[in-house]
Amino acid sequence: KMNNGKHIIHLASNKEWGGGEQYIHDLCARLKADGYQITMFIRDVDVIKERMADLNVPTLTLPPGGAFSVGRALKLARFLKNAGECVVCAHNFKDAFTAVYARIMSGNRLVRVVMTRHLVRKGKGDALHRWMYRRLDKIIFDSELSCREFLSGCADLAPKLNTCVVPIGINVPEDLKNADLRKEFGIDDKSVVAMFHGRLDAEKGLDVLIEAMSKLQDIDLHLILIGTGHDDYVAELKQHIAGCGLTDRVSFAGFRNPVLPCLGSCDFGLLPSIVREGYPLSPMEYMSQGRCVIATDNGGQKEYLTSGDNALLVKPGDADMLADAIRRLATDKALRDKLSTKAYADFSQKMSYNKFIERIEEAYEH
């Protein structure tokens, strides 16, 4: 390990809190505990500042602007000029541009710039992006899918890029105290509870989920949605729920931090995303609490979920197939228990946070 006080600077410039921001938060907390010096550059947004504050690390704000903002790069460059040996971690390509420009402006040749990539998209083939890719010391992908898809957009560059895949782990506190959402929402003990947690967003397939739920009104099933989203979309979602006659069978739990204590309140989790996600965290979070999931089969979740073994996988956007899978788990406790037991075993053996940290620290160093 390189936990010798080495300086790691994280750029987290998103305006909203989501899985990516939680990933950065947990990573910085662990790196700090392992003896690293951590500095954060974040957007001047209240929700980000509030939720990063408990890290108790030096935190500076990045001016608003895009990949080619001179102001953003200049502020970081002034900091890097006297930072000595350090690693700058960008978590999207906008911040990667900022980091590369800042390193050049700072004149500090001891700066390494690495980037983590959590999206499933082709690399861009224009001259400017190719210039930037070649100046990254490492690109760290969260899944084999993300890596393959990125390199397919700039295949001729692939041999010249320093890339690696580091699957994410989940940090489960030893003193986790479960929250009883069944009691909070007055859900009968006999009801089967399905749960989704994440951004309330059309990309997550929530409209498909509500359509699937509308086909299951003959079984004693309750759905809990944990998370927040844009007001307009949430209003549309609630209208959809009411139109399907499901208002009494769907509970909105809002944003929960931490979310892990809530997951034991369900019988199984859901990830109905209609877009490909690189290595989604939510299925792993259910697995960590001994709960199996129903997930779509279109993203990196296929690298750790196997249908019929530790999960049920369905096609994205297929409400009938999703409804069938939910019905199977809701009405077959033996199947649910079998998948959940295997899900927990797989998590325990393959997805520990310690393994993730060892690999990410090695990636920062080499």
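This is a predicted model: local features need pLDDT of at least 70, side-chain atom pairs count only at pLDDT 80 or more; totals for chains, interfaces and linings use all residues.
Residues are numbered from 1 along each chain as its sequence is written, and side-chain values use heavy atoms, with hydrogens and water left out.

Helices (H or I, at least four residues) and strands (E, at least two) are DSSP runs, numbered from the N terminus, and the axes are lines fitted to C-alpha atoms, for helices over the stretch in contact, with angles running from 0 to 180 degrees between N-to-C directions. Helix H3, residues 70-81, and helix H4, residues 93-106, have axes that come within 8 Å and cross at roughly 50 degrees. H3 and H4 are therefore oblique to each other, given that angles under 35 degrees count as roughly parallel, over 145 as roughly antiparallel, 65 to 115 as roughly perpendicular and the rest as oblique. Their crossing is right-handed, a crossing being left-handed if the near helix is turned anticlockwise from the far one by less than a right angle, and right-handed if clockwise. On the H3 side the contact (heavy atoms within 4.5 Å) includes Leu74, Ala77 and Leu80, and on the H4 side it includes Thr98, Tyr101 and Met105. By class, this contact of H3 with H4 has 9 nonpolar, 2 polar and 5 charged residues, where Ala, Val, Leu, Ile, Met, Phe, Trp, Tyr, Cys and Pro count as nonpolar, Asp, Glu, Lys and Arg as charged, and the others, Gly among them, as polar.

H4 also packs with helix H5, residues 127-134, at an angle of about 65 degrees and with the axes 10 Å apart. That makes H4 roughly perpendicular to H5, and their crossing is left-handed. Phe93, Ala96, Phe97, Val100, Tyr101 and Ile104 in H4 meet Leu128, His129, Trp131, Met132 and Tyr133 in H5, a contact with 10 nonpolar, 1 polar and no charged residues.

Elsewhere, helix H8, residues 206-214, packs with helix H12, residues 319-331, at about 60 degrees, and the axes are 8 Å apart. H8 and H12 are therefore oblique to each other, and H8 passes H12 in a right-handed crossing. Val208, Leu209, Glu211 and Ala212 in H8 meet Ala319, Leu322, Ala323 and Ile326 in H12, which by class gives 7 nonpolar, no polar and 1 charged.

On a 1 Å grid over the protein atoms alone, a cavity is a set of points where a 1.4 Å probe fits but cannot get out, a pocket is an open set with protein on both sides within 12 Å along at least five of seven lines, and lining residues have an atom within 4 Å of a point. How many cavities of 30 Å³ or more does a search of the whole structure find? The search finds 1, and about 40 Å³ of space lies in the largest cavity. Its lining includes Tyr23, His118, Phe141, Asp142 and Phe356, and strand E6 (138-141) and helix H14 (353-365) are the elements that give two or more residues to that lining.

The second largest pocket holds about 230 Å³ of space and is lined by 18 residues, of which Pro167, Tyr279, Tyr304, Lys350 and Met351 lie nearest its centre. Helix H13 (333-350) and H14 each supply at least two residues of this lining, which divides into 7 nonpolar, 4 polar and 7 charged.

Finally, the backbone. The peptide bond from Asn257 to Pro258 is cis, with omega near 5 degrees, and Pro258 sits in the loop between strand E10 (250-254) and helix H10 (260-263). Asn56, although not a glycine, has a positive phi of about 55 degrees, and Asn56 lies in the loop between helix H2 (46-52) and strand E3 (59-62).

Methods. Grid points are joined across faces, edges and corners, and a volume is the space filled by probe spheres set on the points.
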